[in-house]
Amino acid sequence: MSTEQSDQQSSQSCSSHMMKTTKRGRPYLKDTLDLFATLIVSLQLTTHKQYFRTFNNSFTTDEAAHNLASLKFSQSNRGPDPRDKSRIVTTTTTTTFSMTRDMAKAMCQHFMDARLIENAADQGSNLFKDRGTYVLTPKGLHVLERFISKNGINSDHLQQVFASQPICIKLLHLERRAADDEIIVTQSVITALFRRFVGRQANYPPSHSAPLDAFQEYQERSKGIQLSNVQDRSNIPGKPMVTHKYCFLAVSALEWLCDFTSVVGREEAAEMAAQFVRFGLITLVSDKRKNNDSAIIFTVRGSAPGGNSPVSPHGEFRCTAKAIYKITEEGKRIARWDESTPSPVSSTSNLHGDRASLDSAAVETASKSGVEAAVSAADAKIHRRISMAEKLHASYEAGEKKGNVKSNMDRLNYILEEPSYRGLFRDFLKANFCEENLAFWLDVEDLKRKFNTTSTAQATAPVRGGKSTPGHVAMERHHEALIQTALQIYHKYLEPSSPHELNIDHGLRLDLVGYLNEVIANLNGKSFDGSSNPNHFNATQLQMLIKLYSRIQTHVLRLMATDSLPKFLKTPRFVEARQWLGEGGGASDDVLFLTSPHAPPGLGDEEAGGAYMTVSAKASEQREHRSPIPDTNPSS
């Protein structure tokens with residue numbers, strides 16, 4: 001498969017290259033995710049029938065292969081003209097993916113391995129078939145949502161999919177080496193992965209008899225690997241049965257890691273599970289497979305720190321249907337289940353004093369084929385840092401003192417960046433009849449993001465001749481839509497006697513109306529009457545209008561920080577949300593970092609690795625509008 005890129009702002013240049021693949025034969029993960037999202041945006045997910053069953057929001061093998069045969073992704077970015085800072089220029093880059101039908105099927109198989117799509121008629125099947133119907137997984141929807149938001153793509157045709165299917169609310173990403181795309185395995189990364197794997201509390205299935213719908217069932221799985229108690233015969237004759245707590249099936253662990261983390265395929269998931277064994281976090285309870293049953297056993301090796309450390313030189317994980325593992329005492333300690341007052345926002349100066357060197361680590365696959373592979377990694381320690389979440393957790397009385405407006409603004413910015421908190425804050429403001437401030441801020445943020453970047457994805461034959469390209473045509477339509485959106489914001493929040501009129505400074509209002517009058521007067525000699533043709537504003541004028549909106553944004557933020565925020569931070573729903581979500585030390589947009597931040601560039605050539613969580617805004621909205629499942633704890 002090949003990709004071709006062309007820059008449509010400067011001279012018509014074109015470059016072509018093959019997509020990079022790893023030693024395992026798969027494309028690099030970032031390329032896989034980007035190509036998957038581009039394909040889905042280009043498709044029309046509709047209703048298909050197979051085996052006398054109907055599947056909504058699905059696509060077929062033929063549809064995927066057809067679009068991948070010639071898939072164009074155009075991205076237009078606005079920015080200041082280097083030669084004249086007062087002007088705005090648009091640069092459009094078009095990437096074309098082309099591949100044969102067999103290559104397209106192989107690529108879709110990688111999508112299945114990464115757990116981005118699944119067979120609609122047979123969800124247990126791991127093979128992408130020549131005649132099949134496929135739907136997006138919750139993980140696939142999470143990846144798609146982030147791609148759409150990052151690239152400014154119009155996703156109106158996908159809103160029904162996001163509204164009707166479960167979405168992975170928290171996806172754990174494990175950083176990879178640039179050279180070969182292998183996961184960088186360090187002690188801090190394995191710790192972060194394990195804590196997400198087991199959850200904040202032991203996840204035993206609920207005991208109530210009422211059946212769970214698809215959303216509730218997925219919500220239960222998302223809490224962590226589902227556990228059970230297992231009885232086994234004692235090794236000592238005459239002794240009663242032994243009950244092992246906190247147990248899970250090996251195959252269930254592989255499925256969970258594929259569904260809720262960035263691992264690609266069961267092989268990579270098994271390597272991570274073998275690391276759990278090596279670090280003493282889980283241990284084998286039993287494997288009652290028959291002697292003639294085949295078994296795939298993954299073994300990871302590395303140096304042990306010695307002393308009383310639970311870390312072993314090697315770890316072995318059995319990928320069999322009968323294998324059962326359990327969480328060890330060390331695993332429970334690392335998971336922090338036993339803390340009497342767990343803090344969702346606490347961090348640790350150093351998880352382990354000993355350094356578990358993995359410099360000579362090797363991964364082995366013991367199976368009938370005898371495949372062997374080797375990986376090396378470096379270790380990194382978690383260093384203490386004060387997160388925004390910890391600032392929220394601090395006593396709020398200090399926030400009410402004079403001169404602490406800056407701290408309030410920091411808290412408010414954190415809440416607005418975190419999708420779960422933002423949804424709760426909006427509900428709080430709505431209940432107190434002051435939702436218009438936040439609604440305006442969100443609408444302007446969306447306008448600014450769409451102004452800076454817009455993208456399209458479509459399956460089409462290469463354009464031959466003609467002056468207009470798909471990217472340029474899309475940008476023209478996009479500009480007209482932006483003008484309409486900007487005017488809608490004015491009519492909704494800023495026009496006198498508008499439905500949600502903001503209470504803003506009189507000087508800000510005069511500046512805004514004065515600028516609108518100036519733009520219209522220069523065109524037709526008339527004052528602004530609230531209506532305008534989209535062609536009346538060029539990109540530079542639209543940018544100035546957005547800057548005026550940004551000044552009003554700052555004004556309403558101050559109002560919310562001083563008036564609404566102190567009351568919101570004391571509400572039970574906010575406290576509950578922090579307990580549920582607070583697995584990280586800090587947030588940037590919708591990203592929670594679970595390991596130490598990277599050193600500044602140039603301070604070291606070694607890739608330290610790390611783990612971070614991305615949070616789905618749409619899944620957070622789904623969770624807020626669905627009834628919770630009663631908590632049960634049959635393990636106690």
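## Packing of α6 against α8

In this predicted model, helices α6 and α8 are roughly perpendicular to each other, since the angle at which they pack is about 105 degrees and angles of 65 to 115 degrees are placed in that class. The axes of α6, which spans residues 187-198, and of α8, which spans residues 250-260, lie 11 Å apart.

The residues that meet across this pair are Leu193, Arg196 and Phe197 on the α6 side, and Ala253, Trp256, Leu257 and Phe260 on the α8 side.

## The buried face of α2

Helix α2 runs over residues 61-69, and its buried residues are Thr61, Ala64, Ala65, Asn67 and Leu68. When α2 is viewed down its axis, these buried residues fall within an arc of 165 degrees, so they line one face of the helix.

## Asp443 in α14

Asp443 is located in helix α14, which covers residues 436-452, and it counts as partly exposed because its relative accessibility is 27%, a value that lies between the 20% limit for buried residues and the 50% limit for exposed ones.

When neighbours within four places in sequence are left aside, the contacts of Asp443 are with Ile489, Lys492 and Tyr493. With Tyr493 there is also a polar contact from side chain to side chain, at 2.6 Å.

## Gln109 in α3

Gln109 belongs to helix α3, made up of residues 101-113. With a relative accessible area of 19%, Gln109 is classed as buried, because the cut-off for that class is under 20%. If residues up to four places away in sequence are not counted, Gln109 touches Asn126, Leu127 and Phe128.

## The chain as a whole

The protein chain contains 19 helices and 21 strands, and 51% of its 636 residues are buried. Among the contacts in the chain with a separation of 6 or more, 71% are accounted for by residues 24 or more positions apart.

Definitions and conventions: Residues are numbered from 1 along each chain as its sequence is written. This is a predicted model: local features need pLDDT of at least 70, side-chain atom pairs count only at pLDDT 80 or more; totals for chains, interfaces and linings use all residues. Side-chain values use heavy atoms; hydrogens and water are left out. Buried means under 20% relative accessible area, exposed over 50%, partly exposed in between (1.4 Å probe, protein chains only). Helices (H or I, at least four residues) and strands (E, at least two) are DSSP runs, numbered from the N terminus. The arc is that of the directions from the helix axis to the C-beta atoms. Contact means heavy atoms within 4.5 Å. A polar contact is a pair of N or O atoms within 3.5 Å; within protein, one must be able to donate a hydrogen and the other to accept it, and residues adjacent in sequence count only if both atoms are side-chain atoms. Axes are lines fitted to C-alpha atoms, for helices over the stretch in contact, and angles run from 0 to 180 degrees between N-to-C directions. Angles under 35 degrees count as roughly parallel, over 145 as roughly antiparallel, 65 to 115 as roughly perpendicular and the rest as oblique.
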